[in-house]
Amino acid sequence: MKVGFIGLGNVGGKLSGSLLRNGIDLMVHDLDPDLVAGVVARGATAASDPAAMMQACDAVITCLPSPAASAGVVGQMLPHVAPGKIWLEMSTTDEAEIKRLGAEVIAQGGAAVDCPVSGGCHRADTGNISIFAGCDRATFEIILPLLTKMGRRILHTGDLGSASILKVITNYLATANLLSCCEALVTAKGAGMDLATAYEAIRISSGTSFVHETESQVILNGSRDISFTMDLVRKDIGLFQQVADRAGIPLELNPLMISIFEDGISRYGARELSPNIIRRLEEATGLDIRAPGFPPEMTDDEPEEPGYEVTPNGPRR
């Protein structure tokens, strides 16, 4: 299978690297020629544009920053979609938009999949990230071997669009975790606690979470670097709000989180690293939430393992 990959940013660059590392015949495209050159130097070929890529490849993956960007790319590829061609959307996007674009691809005889990733850029880099996949089962069986080259745990979530719903749900939860970790760490400091001790107490307790065990570390280091920015958080929780609104769910917490990140963007800029949302509390209290011994960025120390399908089994007891 010849695979195309469009979008070589923080996540896409790492996912495409996993494909190359695992022997996939890869063609790439990005608006940044330096990003393209870096991947070509590792063995990929470059496409002149998305249309040429769809013509040349069996499957084309998009990993882009916004639904509008994906729509523009799909529009270029669409005339060249034919039976046997597959479009895989790995961006975090809107469920309604993926269904709209996917229907256009399917009408041309192709197949469409929404397959966003979850687990952090450090796990995308090692092929140990999780991948959700929304599509019909027959298409899932075709793409599963490809997805296992990029991720460890692959979950078939149901029909097209289902993966995007679950992705923004998980990003909503991660954002809530981040904001609660910020408040917990600032409160611990204000109460006179040693921050390394506070981190460990949370880590070994019922208060721990994936976000605490990763983002709290780079917060305490002071780098606040998880390769994710405030504008992307705002986009993701905004997409979650749209899902809830369409379902008639009267959310209370998410609108507050949206307002917090909008305030953070107005203060620090849209491209500020997302864990620096803690600066709002640091500035309000005059406290410095840093401690020695924590890493400046997260790395995945687990060895790369072959990916596999995860099957829902209901409650674990």
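**Salt bridges**

I began with E302 and R123, whose side chains meet in a salt bridge at 3.9 Å, N to O. A salt bridge here is a side-chain nitrogen of Lys or Arg within 4 Å of a carboxyl oxygen of Asp or Glu. E302 sits in the loop between α13 (279-285) and β10 (308-310), and R123 in helix α6 (residues 121-124), so the pair ties together parts 179 residues apart in sequence. Helices (H or I, at least four residues) and strands (E, at least two) are DSSP runs, numbered from the N terminus.

I noted the ground rules: this is a predicted model, local features need pLDDT of at least 70, side-chain atom pairs count only at pLDDT 80 or more, and totals for chains, interfaces and linings use all residues. Residues are numbered from 1 along each chain as its sequence is written, and side-chain values use heavy atoms, with hydrogens and water left out.

Next I looked up accessibility. E302 is partly exposed at 33% relative accessibility, and R123 is partly exposed at 24%. The cut-offs are under 20% relative accessible area for buried, over 50% for exposed, and partly exposed in between (1.4 Å probe, protein chains only).

I then checked D25 and K2, which form a salt bridge at 3.1 Å, N to O. D25 is in strand β2 (residues 25-29) and K2 in strand β1 (residues 2-6), 23 residues apart. Is K2 buried or exposed? K2 counts as buried, at 18%. D25 is partly exposed, at 43%.

E262 belongs to helix α12 (residues 253-268) and R234 to helix α11 (residues 230-247), 28 residues apart. I also found a network: salt bridges with shared partners join D263, R267, E272, R279, R280 and E283. The structure holds 23 salt bridges.

**Helix packing**

I turned to α11 again. Helix α8 (residues 162-190) packs against α11 at an angle of about 120 degrees, with the axes 9 Å apart. Axes are lines fitted to C-alpha atoms, for helices over the stretch in contact, and angles run from 0 to 180 degrees between N-to-C directions.

I listed the contact residues (heavy atoms within 4.5 Å). I165, V168, I169, N171, Y172 and T175 in α8 meet V233, D236, I237, L239, F240 and V243 in α11.
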